[in-house]
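Have the viewer open and follow along as we go.

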Amino acid sequence: MEALISLSQLYPPFFYGLVFLVSLMVGSFLNVVIHRLPIMMENSWKQEYSAYFTNKNTPQNDVSAPPATNASAPFNLVKPDSTCPACGHKIRPWENIPVISYLCLKGKCASCKTPISLRYPFVELFTALTCTFAAFYFGPSPQALWAMVLTYFLVAMLFIDLDKMLLPDQLTLPLLWLGLLLSTHSVFVDMQSAIWGAAIGYVSLWLVYWMFKIATGKEGMGYGDFKLLAALGAFVGWQGLPIIILLSSLVGAIAGVAIMVFQNKGKSVAIPFGPYLAVAGWITLLFKSHITQAYLDWILG
């Protein structure tokens with residue numbers, strides 16, 4: 001890593017171009033994660049449910065009961081190979097080049113000509129642009145590389161939560177531990193700030209959850225939101241939590257009103273909070289000091 005950073009400091013355009021290209025490819029993989037990870041989780045839940053009730057309802061001395069088997073084909077982030085959902089056409093390597101293949105295929109399947117969702121190239125470009133911006137902000141440095149990793153996690157969680165209203169532990173918990181480990185070298189914040197950030201981030205939303213549930217009898221958010229804010233707190237420290245909560249709440253309130261007005265949905269419509277936390281956390285990581293200084297200047301006059 002040190003050799004790469006040293007080379008990048010000598011040739012910054014090389015570094016930013018590499019970040020853009022690598023992030024385009026990672027964005028293509030994130031499309032797979034966004035689509036398959038919730039399905040993998042659902043399959044796992046079904047298997048656990050089936051195994052629990054099968055074992056519970058089958059007498060232990062019943063030797064005639066067949067052992068549980070899993071004859072289904074593997075389904076994970078690698079297998080099966082990507083195919084067209086309409087015709088089953090196997091996506092060939094040259095049809096899977098980020099953005100370029102979409103443009104060359106004119107947004108249609110090479111076999112059946114079924115339109116391909118615009119979201120695939122959008123996720124790829126969104127990932128590449130946000131990572132390149134973060135790299136440009138931090139410059140060729142370890143902070144830039146770890147900011148890229150954080151961005152990959154946040155992009156995946158943003159779209160999964162939009163689709164399924166779900167923030168997987170498989171993403172939130174590794175991100176939390178990564179933030180804490182990075183704090184041991186003060187990559188973004190010192191260890192004390194990271195630990196307090198993670199703890200206060202989790203407990204703050206946990207308290208809001210229970211106060212809302214006691215007052216209304218309803219669940220206002222999920223535990224994944226607590227874990228995501230804890231992970232973000234480990235990256236930005238406890239000092240950045242007010243900014244994240246303020247930004248995410250403001251944008252979430254505006255989005256909620258817009259959904260009710262323009263989509264003609266009632267007040268009871270469920271709105272995922274994870275995307276707003278993810279965006280606010282990313283902005284805070286980059287601009288925490290600028291936002292804090294602007295606020296102090298405004299307060300002091």
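Which residues is Glu 124 in contact with, leaving aside its neighbours within four places in sequence? The partners are Ser 23, Leu 24, Gly 27, Ser 28, Asn 31, Pro 98 and Val 99. Keep in mind that this is a predicted model. Glu 124 itself is found in helix 4, which covers residues 119-138. Phe 20 lies 104 residues away from Glu 124 in sequence, yet the C-alpha to C-alpha distance between them is 10.0 Å.

One of those partners, Ser 28, deserves a look from its own side. Ser 28 has its place in helix 2, residues 12-57. Apart from neighbours within four places in sequence, Ser 28 is in contact with Asn 96, Pro 98 and Glu 124.

| Residue | Relative accessibility | Class |
|---|---|---|
| Glu 124 | 8% | buried |
| Ser 28 | 12% | buried |
| Val 203 | 39% | partly exposed |

The cut-off for buried is under 20% relative accessible area, and exposed begins over 50%. Glu 124, at 8%, therefore counts as buried, and so does Ser 28 at 12%. Val 203, at 39%, counts as partly exposed because its value falls in between those limits.

Now to the aromatic rings. A pair of aromatic rings is described by the distance of the centres and the angle of the planes. The count here comes to 18 aromatic pairs. In one of them, Tyr 209 and Phe 226, the ring centres are 5.5 Å apart and the planes meet at 70 degrees, so the pair is edge-to-face. Tyr 209 belongs to helix 7 (residues 191-216) and Phe 226 to helix 8 (residues 223-236), so this pair ties together parts 17 residues apart in sequence. Both Tyr 209 and Phe 226 are buried.

Elsewhere, Phe 133, Tyr 137, Phe 138, Phe 188, Phe 235, Trp 282 and Phe 287 form one aromatic cluster. There is also a charge over a ring: Arg 36 lies over the face of Phe 75, 5.5 Å from the ring centre.

Finally, back to Val 203. Together with Trp 206, Leu 207, Val 208, Trp 210, Met 211, Ile 214 and Tyr 223, Val 203 makes a nonpolar surface patch of about 750 Å². Helix 7 gives the largest share of this patch, with seven residues.

Notes. Residues numbered from 1 in each chain as written. Predicted model: local features only at pLDDT ≥ 70, side-chain atom pairs only at ≥ 80, totals over all residues. Heavy atoms only, no water. Helix = DSSP H or I, 4+ residues; strand = E, 2+ residues; numbered from the N terminus. Buried < 20%, exposed > 50% of the residue type's maximum accessible area, 1.4 Å probe, protein only. Contact = heavy atoms within 4.5 Å. Phe/Tyr/Trp six-rings, centres within 6.5 Å; stacked < 30°, edge-to-face > 60°. Lys NZ or Arg CZ within 6 Å of the ring centre and 35° of its normal. Patch = residues over 30% accessible without salt bridge, like charges linked within 9 Å, V, L, I, M, F, W, Y side chains within 5 Å. Areas by Shrake-Rupley, 256 points an atom, 1.4 Å probe, with all protein chains shown as cover. Salt bridge = Lys/Arg side-chain N within 4 Å of Asp/Glu carboxyl O.
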